[in-house]
Amino acid sequence: MGRNIHFEIFRYNPQDTASIPRMQTYFLEETINMTLFIALTRLREEQDPSLVFDFCCRAGICGSCAMVINGRPGLACQTQIKNMPGHISLHPLPVFKIIGDLSVDTGVWFREMYRKTESWIHTRAEVDPTLEEARMDNAVAEEIYELERCIECGCCIAACGTANLRPDFMGAAALNRIARFMIDPRDERSEREYFDIIGTDFGIFGCMGLLACEDVCPKQLPLQDQLGFLRRKMGFAALRQIFKTSRPA
Ligand code: SF4
Ligand code: SF4
Ligand code: FES
């Protein structure tokens, strides 16, 4: 017989004016290879059909099951109950708009982030669909692919002190996205144009550098390296602007 796991789960329905944020207690017997996804599904099916949470892939790919698990943002589908204590508290990710209980709207946040960072290749080159695709150096392609592995789960934003204090802070996911375009040789944006997007307190200069983002990223993205890269690049760009020895191109 497995442990009787004690769950404390945040409950709140923002659509119901009578709903008051509260913690609700559940108990569930642990089974072999039980993940938090399995536990929540069983709680909903066997005890409380009103419980709201998000899942899609169950394989750490879609990013929709992110929540705060015993105080730390993480993916529920990748959390093995056997590695957890007998008491598990669950909250929705902070920073994002709550939909209900453990479900938040990361989509609106990420769409706005793509708009702010102009998250697409900027080029004046004409596209000719009849031509073969242009080749890219393998090492550069792999570097870009490494940063493209972000699943937009929102864990890095939820764990970020600055993002929790300032809703308009871009956060590690957005800065990682910018770094991805900076190393892409097809993107023709100048240093000055990048500076205009992230060279502020809402961008790289608002980052406190304590790296909670990298600690919680379930895909182990090299966020520390990217934040350092951007800080150096934008720091030099700022100095060039201050001393006006040579303005960023
Ligand atoms: S290092 Fe920067 S982006 Fe990462 S959690 Fe800290 S303040 Fe946020
Ligand atoms: S950088 Fe990591 S933690 Fe942040 S959204 Fe992407 S996968 Fe999630
Ligand atoms: S359900 Fe897709 S990442 Fe967990």
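Predicted model: local features only at pLDDT ≥ 70, side-chain atom pairs only at ≥ 80, totals over all residues.
The protein chain falls into two domains. Domain 1 covers residues 4-104, and domain 2 covers residues 117-243. Their centres, taken over C-alpha atoms, are separated by 31 Å. The two domains touch. On one side, 15 residues of domain 1 take part; on the other, 12 residues of domain 2 are in contact with them. Two elements of domain 1 each give two or more residues to this side, namely strand 3 (66-69) and strand 4 (72-75). Strand 4 supplies the largest share, with 4 residues. By class, the side of domain 1 that touches domain 2 holds 10 nonpolar residues, 4 polar residues and 1 charged residue.

Ligand 2 was examined next. There are 13 residues around this ligand, and cysteines come nearest: Cys 150, Cys 153, Cys 155, Cys 156 and Cys 217. Helix 4 and helix 6 are the elements that give two or more residues to the shell. Helix 6 gives the most, with 3 residues. The shell comprises 9 nonpolar, 2 polar and 2 charged residues.

Helix 9 runs from residue 223 to residue 243. At 1.5 Å a residue, the 21 residues of helix 9 should span 30 Å; the C-alpha atoms at its ends lie 30 Å apart, so expectation and model agree.

Leu 223, Gln 226, Leu 227, Leu 230, Lys 233, Met 234 and Ala 237 are buried. These residues cover an arc of only 140° around the axis, and therefore lie on the same side of helix 9. On the other side, Arg 232, Leu 239, Ile 242 and Phe 243 are exposed. The buried residues of helix 9 are covered by several elements, including helix 3 (138-148), helix 4 (155-158) and helix 6 (171-182). Helix 7 (191-198) and helix 8 (212-216) are also among the elements that cover them. After helix 9 comes Lys 244, with a positive phi near 50°.

How values were computed:
Residues numbered from 1 in each chain as written. Chains lettered and ligands numbered in written order. Expected span 1.5 Å × (residues − 1). Buried ≥ 20, exposed ≤ 12 C-beta atoms within 10 Å, placed from the backbone. Arc of directions from axis to C-beta. Contact = placed C-beta atoms within 7 Å. Domains from an automatic or database assignment. Nonpolar A, V, L, I, M, F, W, Y, C, P; charged D, E, K, R; others polar. Near = placed C-beta within 6 Å.
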